[in-house]
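Subject: Structure handover

Hi,

Here is the structure I promised to pass on to you. Please have it open while you read, and my notes follow just below it.

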Amino acid sequence: MDLTLTEEQRTLLQTILDREYRDTRYEIADTDRSTFKEALRERNVLLRSILDLVGGPLPDREASTG
């Protein structure tokens, strides 16, 4: 599948994916159930692969504010 996005659309998609990617990482850390944790890990790998296609993760907000 080919997807053509404007720069504005790409930036928005990157932001949404980045937020979900980071949130999922926190969920993994807070989850004790091994089957749910594994499902979250698989989801996170998929999110990261899509995120990489649109420019990768955004810089950490804390690091950029100094």
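Which side chain meets that of E20 in a salt bridge? The partner is R43, with an N to O distance of 2.8 Å. Since E20 belongs to helix α1 and R43 to helix α2, this pair ties together parts of the chain that are 23 residues apart in sequence. E20 counts as partly exposed because its relative accessibility is 26%, and R43 is partly exposed too, at 42%. Please keep in mind as you look that this is a predicted model.

Salt bridges

Searching the whole structure turns up six salt bridges. As a general point, side chains of opposite charge can pair when their charged atoms come close. Besides the pair above, I would point you to R22, which takes part in a network of salt bridges together with D18 and D60.

Take the R22 and D18 pair to begin with: their closest N and O atoms are 2.7 Å apart. Both residues sit in helix α1, and because they are four residues apart there, about one helical turn separates them. Are these two residues buried or exposed? R22 is buried, and so is D18. For R22, the relative accessibility is 16%, and buried means under 20%, so the residue falls in that class.

R22 also meets D60, side chain to side chain, in a salt bridge of 2.6 Å from N to O. D60 is in the loop between α2 and α3 (61-65), while R22 is in helix α1, so this pair ties together parts that are 38 residues apart in sequence. With a relative accessible area of 40%, D60 is partly exposed.

What does N44 touch, leaving aside residues up to four places away in sequence? The contacts are Y21, T24, R25 and I28.

R41 lies in helix α2 as well. At 41% relative accessibility, R41 counts as partly exposed. R41 and A29 are twelve residues apart in sequence, and their C-alpha atoms are 10 Å apart in space.

Surface patches

On the surface you will find a patch of negative charge, where D23, E27, D30 and D32 gather. D32 is placed in the loop between α1 (7-30) and α2 (34-53). Its relative accessibility is 76%, so D32 counts as exposed.

There is also a nonpolar patch on the surface, formed by M1, L3 and L5. Together these residues have about 390 Å² of accessible area. M1 is in the segment before α1, and with a relative accessible area of 95% it is exposed.

Best wishes

How values were computed: Residues are numbered from 1 along each chain as its sequence is written. This is a predicted model: local features need pLDDT of at least 70, side-chain atom pairs count only at pLDDT 80 or more; totals for chains, interfaces and linings use all residues. Side-chain values use heavy atoms; hydrogens and water are left out. Patches are made of residues with over 30% relative accessible area and no salt bridge: like charges are joined within 9 Å, nonpolar side chains (Val, Leu, Ile, Met, Phe, Trp, Tyr) within 5 Å. Accessible areas come from the Shrake-Rupley method with a 1.4 Å probe; for residues, only the protein chains shown count as cover. A salt bridge is a side-chain nitrogen of Lys or Arg within 4 Å of a carboxyl oxygen of Asp or Glu. Lys and Arg count as positive and Asp and Glu as negative; His and the chain ends are not counted. The place of a charge is taken as NZ of Lys, CZ of Arg, CG of Asp or CD of Glu. Helices (H or I, at least four residues) and strands (E, at least two) are DSSP runs, numbered from the N terminus. Buried means under 20% relative accessible area, exposed over 50%, partly exposed in between (1.4 Å probe, protein chains only). Contact means heavy atoms within 4.5 Å.
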